[in-house]
Amino acid sequence: SRTPAARHRSRRSAMTTIDDLPEDVLVELLSLLPVRDLIHACRLVCTQWRDVVDLTVLWKRKCQREGFYTQNFDRSISDWKIFYMLCSLKKNLIKNPIAEENFQHWKVDKNGGDKWKIEDLPGAHGREMPDPKVHRYFVTSYGPCFKSQLITLQQEGYWNQLMDEKRPEIVVKDWYAARYDCGCRYELTVRLLSEDYIVLEEFHPEPVVIEQWSDAVWREVSHTFQNYPAGVRYIWFQHGGQDTQLWAGWYGIRVTNSSITIGPLT
């Protein structure tokens, strides 16, 4: 029989490094790592790891792990790496959309009449929102009231090459309502801006005028930017309005639950 030293040498020679693992096992292990580690560390280790990190199956596996994958995506996804990154980045880019932080993150562009105000739902002569998580709204007065946000895409993780080459869908949504007892006007403008703040594309629907004695129901406006020009670096969102009967106080349009999201539906 072999000596203990010989048995030890035999076991040691039989041991493998991580590079000796089958590709499917290496894919499984690497798919557990964060994106930053995969791109900025693992991919630089060696040619084999670079090739594994670039495999479609690895990014598809990450999508499965994090709930971004369903079978009906198989034929529609051309680049699973980009798909994963867009899914992982996806969030509402509008900050403080439901007035939980007062007017923080909003720039008040016009503050007419008795100025902007925040009220609790449903408000006087109002109705509840369809979304039960929304409890507050912004309300305008008898003079023009507008507020805006400027979104810097690089700060949100959307690098220039991604926006220029993939041009992921940009979905804008906003909710508005009137009081039952007063007429009002609602306006929305969303602009895709270049690095020099040139308007590359704009969504500016006709103003909505709601007559007195309306149903006071909350309504959603939605728009999807597709196939927009290359060079988008900022998104500018502005909404607001006023009442149409010039009543002192806060009888104008009510807005809340605004959102801008980028990327695929999941």
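This is a predicted model: local features need pLDDT of at least 70, side-chain atom pairs count only at pLDDT 80 or more; totals for chains, interfaces and linings use all residues.

Reply: Strand S4 covers residues 145-152. It is mostly covered: 6 of its 8 residues are buried. One of the buried residues in the model is Cys-145, with a relative accessible area of 0%. That value is under 20%, so Cys-145 counts as buried.

Now look at the strands that pair with S4. Strand S1, residues 107-111, is joined to S4 by 4 bridges. The two run antiparallel. Find Asn-111: its bridge partner in S4 is Cys-145. Strand S10 is joined to S4 by 8 bridges. This pair also runs antiparallel. Here Thr-152 has Tyr-234 of S10 as its bridge partner.

Next comes the core. In soluble globular proteins, nonpolar side chains tend to be buried together. The largest nonpolar core in this model has 36 residues. Those with the most contacts inside it are Leu-153, Ile-170, Ile-235 and Ile-260. S4 supplies at least two residues of this core, and so does each of helix H6 (80-89), helix H7 (160-166) and strands S5 (170-177), S6 (184-193), S9 (219-225), S10 (234-243) and S11 (254-262). S6 gives the most, with 5 residues.

Zoom in on Ile-235. Leaving out residues up to four places away in sequence, Ile-235 touches Gln-149, Leu-150, Ile-151 and Leu-153, among others. Its contacts also include Ile-170, Val-190, Arg-191, Leu-192, Ile-260 and Ile-262.

What about the cysteines? The model has 0 disulfides. Take Cys-87. Its nearest cysteine sulfur, that of Cys-63, is 5.7 Å away.

Finish at Glu-119, in strand S2, residues 117-120. Is Glu-119 buried or exposed? At 16% relative accessibility, Glu-119 counts as buried. Its side chain makes a polar contact with the side chain of Tyr-137, at 2.5 Å. Setting aside neighbours within four places in sequence, Glu-119 is also in contact with other residues, including His-135, Arg-136, Val-139, Trp-250 and Arg-254.

How values were computed:
Residues are numbered from 1 along each chain as its sequence is written. Side-chain values use heavy atoms; hydrogens and water are left out. A nonpolar core is a set of buried Ala, Val, Leu, Ile, Met, Phe, Trp, Tyr and Cys residues joined through side-chain atoms within 4.5 Å. Buried means under 20% relative accessible area, exposed over 50%, partly exposed in between (1.4 Å probe, protein chains only). Contact means heavy atoms within 4.5 Å. A disulfide is a pair of cysteine sulfur atoms within 2.5 Å. Two strands pair if DSSP finds at least two bridges between them. A polar contact is a pair of N or O atoms within 3.5 Å; within protein, one must be able to donate a hydrogen and the other to accept it, and residues adjacent in sequence count only if both atoms are side-chain atoms.
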